[in-house]
Amino acid sequence: LEDLVTKLNIPYHTESHEGLTREEHQDKVLEAIAPYTPDNVILAKYMRILTPKFGEAYSNRLINIHHSFLPA
């Protein structure tokens, strides 16, 4: 979706998880999000279990959207 969001002047970031632990990867994601001070964080197709640190950073402001969570 990078092409779509950049056309709409919406920031787009991707952080590879390759070669990183779950904690290291999520720290990079937190670093990318932090400058925007978002009201909510919506993760699309994020197929990894969130660390407690990540959940605490956006407690009650986090939504993970993935098709496998939707009723058939």
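Me: In this predicted model, what share of the 72 residues of the chain counts as buried, and what makes a residue count as such?

Reply: Of the 72 residues, 21% count as buried, a term that applies to a residue with under 20% relative accessible area.

Me: Why is His25 called buried?

Reply: His25, which lies in helix α2, has a relative accessible area of 4%, and because buried means under 20%, the residue is called buried.

Me: What does His25 touch beyond its neighbours within four places in sequence?

Reply: With those neighbours left aside, His25 is in contact with Glu15, Ser16, His17, Leu20, Tyr46 and Arg48.

Me: What makes the approach of the His25 side chain to the backbone oxygen of Glu15 a polar contact?

Reply: The side chain of His25 reaches the backbone oxygen of Glu15 at 2.8 Å, and since the cut-off for a pair of N or O atoms is 3.5 Å, the distance falls within the limit for a polar contact.

Me: How do you know whether Leu8 is buried or exposed?

Reply: Leu8, found in the loop between α1 (2-7) and α2 (22-33), has a relative accessible area of 54%; exposed means over 50%, so Leu8 is exposed.

Conventions. Residues are numbered from 1 along each chain as its sequence is written. This is a predicted model: local features need pLDDT of at least 70, side-chain atom pairs count only at pLDDT 80 or more; totals for chains, interfaces and linings use all residues. Side-chain values use heavy atoms; hydrogens and water are left out. Helices (H or I, at least four residues) and strands (E, at least two) are DSSP runs, numbered from the N terminus. Buried means under 20% relative accessible area, exposed over 50%, partly exposed in between (1.4 Å probe, protein chains only). A polar contact is a pair of N or O atoms within 3.5 Å; within protein, one must be able to donate a hydrogen and the other to accept it, and residues adjacent in sequence count only if both atoms are side-chain atoms. Contact means heavy atoms within 4.5 Å.
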